Amino acid sequence: MSVYYKERPEYLRLALDSVINQTTPPQEIVLVKDGKLSMTLDETINEYNDRYPGLFTLVSLDKNMGLGIALREGIKVCRYDIIARMDSDDIARSDRFRKQLDVFNENNNIDIVGSSIIEFEDNVNNILAIKKVPINDNEIKKFAKQRNPFNHMTVMYRKKAILKAGNYEPMMLNEDYYLWVKMILNGSKMHNINDNLVYARTGNDMFKRRGGLNYVKYDIVLQKKFLEMGFVNTFVFIKNVLIRSFVRMIPNSLRGYIYINWLRKVN
């Protein structure tokens, strides 16, 4: 888990509680402080560290480096081979870890397991949509040519597979997607559970904000990288850039409608 100064302490508490109170609890929680935090965030982290001695491994970065670098440094210090990702403002279902570990136990060749998510605003009863993902290895790798095949906050993966693929790297707003493609090209086996194992905090305003020239630039950088890596051909590259650029540049209200009604399964 990575935390930076804009996080809200009350959301962090809910996220940590949902992880600690799993039916199969974690043996270690690696928490990366991505730069200087607010006093209340530091106090919250220290409180949990004191309450659960030996559970937390804290990594402090001198300045805010972004999610890619923060997770890269966190992965390096994880003591166990099976690692679960979690965002600091989301809520994991209590049986999330057990269900994902069952997949690893039943399939020794699997390197990463994710799931669908329930997107909510303010509280978990205010559900906006359900974000589904492809299930089996072939579906995931085909889907990845066009869109991110995993919900990042749901994934559990093998450390050795992450390191073999080169670990997280800076790729603005696409650190996870870039890593999955590197894993695909490296031969990793993938799976998503057809269940909603995480409540992801979001909102209509967030969907609407996913636009503008900067987002277009980030998309083009990533798609160029995929083209250079041989993951997509020129036709797919052009198609992906055109579709993404259109969605990024349309009016905010229309973009929000597309995200909720076309790219998600509306509750």
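Predicted model: local features only at pLDDT ≥ 70, side-chain atom pairs only at ≥ 80, totals over all residues.
**Lys33 and Asp42**

I started with Lys33 and Asp42, whose side chains meet in a salt bridge at 3.3 Å, N to O. For the term I take a side-chain nitrogen of Lys or Arg within 4 Å of a carboxyl oxygen of Asp or Glu. Lys33 is buried at 15% relative accessible area, while Asp42 is partly exposed at 26%. My cut-offs here: buried is under 20% relative accessible area, exposed is over 50%, partly exposed is in between, with a 1.4 Å probe and protein chains only.

Numbering runs from 1 along each chain as its sequence is written, and side-chain values use heavy atoms, with hydrogens and water left out.

**Other salt bridges**

How many salt bridges does the structure hold? I have 14 down. Side chains of opposite charge can pair when their charged atoms come close.

I looked up Glu10 with Arg8 next: their side chains meet in a salt bridge at 2.7 Å, N to O. Glu10 is partly exposed at 38%, and Arg8 is partly exposed too, at 42%.

Then Lys76 and Glu73, with a salt bridge of 3.1 Å, N to O. They sit three residues apart in helix H3 (residues 67-77), so about one helical turn separates them. Lys76 is partly exposed at 45%, and Glu73 is partly exposed at 26%. Elsewhere, salt bridges with shared partners join Arg93, Asp95, Arg98, Asp102 and Asp195 into one network.

**Asp95**

I picked Asp95 out of that network. It lies in the loop between strand S5 (91-92) and helix H4 (96-106), and at 14% relative accessibility Asp95 counts as buried. Its side chain makes a polar contact with the side chain of Arg93 at 2.8 Å. By polar contact I mean a pair of N or O atoms within 3.5 Å; within protein, one must be able to donate a hydrogen and the other to accept it, and residues adjacent in sequence count only if both atoms are side-chain atoms. Leaving out residues up to four places away in sequence, Asp95 touches Gln22, Thr23 and Leu197, where contact means heavy atoms within 4.5 Å.

**Helix H2**

H2 (residues 39-51) has 13 residues, which at 1.5 Å a residue should span 18 Å; its end C-alpha atoms are 18 Å apart, so the two agree. The expected span is 1.5 Å times one less than the number of residues.

Which residues of H2 are buried? Leu41, Thr44, Ile45 and Tyr48 are. They cover an arc of only 95° around the axis, so they lie on the same side of H2; the arc is that of the directions from the helix axis to the C-beta atoms. The face turned away from the buried side carries the exposed residues Met39 and Asp50. Among what covers the buried residues I noted strand S1 (2-3), helix H1 (9-20), strand S2 (29-34) and strand S3 (56-61).

**Phe231**

Buried or exposed? I checked Phe231. It is buried, at 3% relative accessibility, in the loop between helix H9 (213-229) and helix H10 (234-249). Leaving out residues up to four places away in sequence, Phe231 touches Lys141, Ala144, Lys145, Val181, Ile184, Leu185 and Phe226.

**Positive phi**

Most residues other than glycine have a negative phi. Asn167 has a positive phi of about 65°, and Leu173 has one of about 70°. Asn167 is buried at 3%; Leu173 is partly exposed at 44%.

How values were computed. Helix = DSSP H or I, 4+ residues; strand = E, 2+ residues; numbered from the N terminus.
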